[in-house]
Amino acid sequence: MSALIHLGYLGMFLSAFLAATILPFSSEIVLSALYGSGLNGAILLVVASIGNVLGSLVNYLLGYAFGKDIATQKLNISEATFNRASSVFTRWGKWSLFLCWVPIIGDPITLVAGVLRSPLWFFMLAVTLSKTGRYAALLYVLS
């Protein structure tokens with residue numbers, strides 16, 4: 001593989017990782033552009049999914065280690081957004097993790113999961129299925 005292709009996959013990983021954290025970033029645009037430029041869809045799916053799941057794991061670990069304060073004071077998540085994510089998580093419990101792909105509330109839900117000590121094994125399962133499913137659906141639409 002050429003160096004440009006490697007950089008494309010690296011860029012996909014980084015954009016997916018950053019998009020899963022609380023940073024406002026869209027990995028779907030990057031995935032669409034790279035797929036449109038001819039990169040392998042299956043490899044993009046794996047790379048994007050790994051990056052996105054690891055970014056969500058960072059959110060979980062931050063919530064687990066630092067609680068609500070990290071979200072509202074350090075990461076600039078509004079009180080309303082945090083409360084909305086908390087409400088969803090409190091109402092649906094660990095099953096709300098299957099909504100982690102949803103814009104605006106998805107990333108805070110992964111943080112709340114850490115704050116509320118959701119089981120890590122279930123977190124990883126739900127987040128991996130949800131995030132991979134979203135990317136697979138997007139690639140399906142693009143093909």
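The model is predicted, so local features are taken at pLDDT of at least 70 and side-chain atom pairs at pLDDT 80 or more, while totals for chains, interfaces and linings use all residues. Residues are numbered from 1 along each chain as its sequence is written, and side-chain values use heavy atoms, with hydrogens and water left out.

Helices here are DSSP runs of H or I with at least four residues, and strands are runs of E with at least two, numbered from the N terminus. Helix α1 covers residues 3-20 and includes Leu-14. Together with Leu-7 and Leu-10, Leu-14 makes a nonpolar surface patch of about 280 Å². Such patches are built from residues with over 30% relative accessible area and no salt bridge, where like charges are joined within 9 Å and nonpolar side chains (Val, Leu, Ile, Met, Phe, Trp, Tyr) within 5 Å. The areas come from the Shrake-Rupley method with a 1.4 Å probe, and for residues only the protein chains shown count as cover. Leu-14 has a relative accessibility of 42% and therefore counts as partly exposed; on this scale buried means under 20% relative accessible area, exposed means over 50%, and partly exposed lies in between (1.4 Å probe, protein chains only).

Helix α2, residues 27-36, has Ser-27, Leu-31 and Leu-34 as its buried residues. Viewed down the axis of α2, these buried residues fall within an arc of 75 degrees, so they line one face of the helix; the arc is that of the directions from the helix axis to the C-beta atoms. On the face turned away from the buried side, α2 carries the exposed residues Ile-29 and Gly-36. Gly-38, which follows α2, has a positive phi near 110 degrees.

Aromatic contacts come next. A pair of aromatic rings is described by the distance of the centres and the angle of the planes. Rings of Phe, Tyr and Trp (its six-membered ring) pair if their centres lie within 6.5 Å; planes under 30 degrees apart count as stacked, over 60 as edge-to-face and the rest as tilted. The structure holds 7 aromatic pairs. One of them joins Phe-13 and Phe-17 in a stacked arrangement, with 6.3 Å centre to centre and 20 degrees between the planes. Because Phe-13 and Phe-17 are 4 residues apart in helix α1, about one helical turn separates them. Phe-13 is partly exposed at 26% relative accessible area, and Phe-17 is partly exposed at 25%. Tyr-60 and Phe-123 form a tilted pair, 4.6 Å centre to centre with 40 degrees between the planes. Tyr-60 belongs to helix α3 (residues 41-66) and Phe-123 to helix α7 (residues 120-142), so this pair ties together parts that are 63 residues apart in sequence. Tyr-60 is buried, with a relative accessible area of 4%, and Phe-123 is buried too, at 0%. Ring pairs also link Trp-95, Phe-98, Trp-121 and Phe-122 into a cluster.

Charged groups meet some of these rings. The charged end of Lys-94 sits over the ring of Phe-122, 4.7 Å from its centre; for this, NZ of Lys or CZ of Arg must be within 6 Å of the ring centre and within 35 degrees of the ring normal. Likewise, the charged end of Arg-134 sits over the ring of Tyr-135, 4.3 Å from its centre.

With a salt bridge taken as a side-chain nitrogen of Lys or Arg within 4 Å of a carboxyl oxygen of Asp or Glu, the count comes to 2. In one, the side chains of Glu-28 and Arg-134 meet at 3.3 Å, N to O. Glu-28 lies in helix α2 and Arg-134 in helix α7, so the pair ties together parts that are 106 residues apart in sequence. Glu-28 is partly exposed at 27% relative accessibility, whereas Arg-134 is buried at 16%. Lys-131 forms a salt bridge with Asp-107, with the closest N and O atoms 3.8 Å apart. Lys-131 and Asp-107 are both buried.

The loop between α6 and α7 contains Arg-117. Most residues other than glycine have a negative phi. Arg-117 is not a glycine, yet its phi is positive at about 60 degrees.
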